[in-house]
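Reader: Hello! Could you walk me through this model, one question at a time?

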Amino acid sequence: MGREFQIEVGPIERHDGEERCRVAVRVSDDLRYLEGHFPGDPIVPGIAQLLPIVHDPVATLWPDLGPCRAIKRLKFRAALRPGHALEVTLRRQGDKVRFGITRGETRCTDGVLVYG
């Protein structure tokens, strides 16, 4: 069984009525989520992006949000692969958290989690 993501959660910053946080993520070469997805051309599945590298940091940073009720405007724009260094940007406004996953200048995934 492979390893988990390497995740480093930054501090919460407050700007213009919203709270923001940046999360650094490294996709290890033997990430367990890559097993069988897909042999010879591994990519990180969408659910592995949403839970461990978006939802879990949100739950840790803002436990008052409660359970996630919906995911809106979800777009998978570019594949995440072994060895990629990623940045996740989280922006909370009330019961919504907008997120973006980037690899350098490349937008990979974005959407909105709705809580409450």
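Author: Gladly, and a definition comes first: contact means heavy atoms within 4.5 Å. Helices (H or I, at least four residues) and strands (E, at least two) are DSSP runs, numbered from the N terminus. This is a predicted model, where local features need pLDDT of at least 70, side-chain atom pairs count only at pLDDT 80 or more, and totals for chains, interfaces and linings use all residues. Residues are numbered from 1 along each chain as its sequence is written, and side-chain values use heavy atoms, leaving out hydrogens and water.

Reader: Which strands do the buried residues of helix 1 pack against?

Author: Buried means under 20% relative accessible area, exposed over 50%, partly exposed in between (1.4 Å probe, protein chains only). In helix 1 the buried residues include L50, I53 and V54. The buried residues of this helix pack against strand 1, strand 3, strand 4, strand 5, strand 6 and strand 7.

Reader: How many salt bridges does a search of the whole structure find?

Author: A salt bridge is a side-chain nitrogen of Lys or Arg within 4 Å of a carboxyl oxygen of Asp or Glu. By that criterion, the search of the whole structure finds ten.

Reader: What is the distance between the closest N and O atoms of D110 and R107?

Author: At 13% relative accessibility, D110 counts as buried, while R107 is partly exposed at 47%. D110 also forms a salt bridge with R77, their closest N and O atoms being 3.1 Å apart. In the salt bridge between D110 and R107, the closest N and O atoms lie apart by 2.4 Å.
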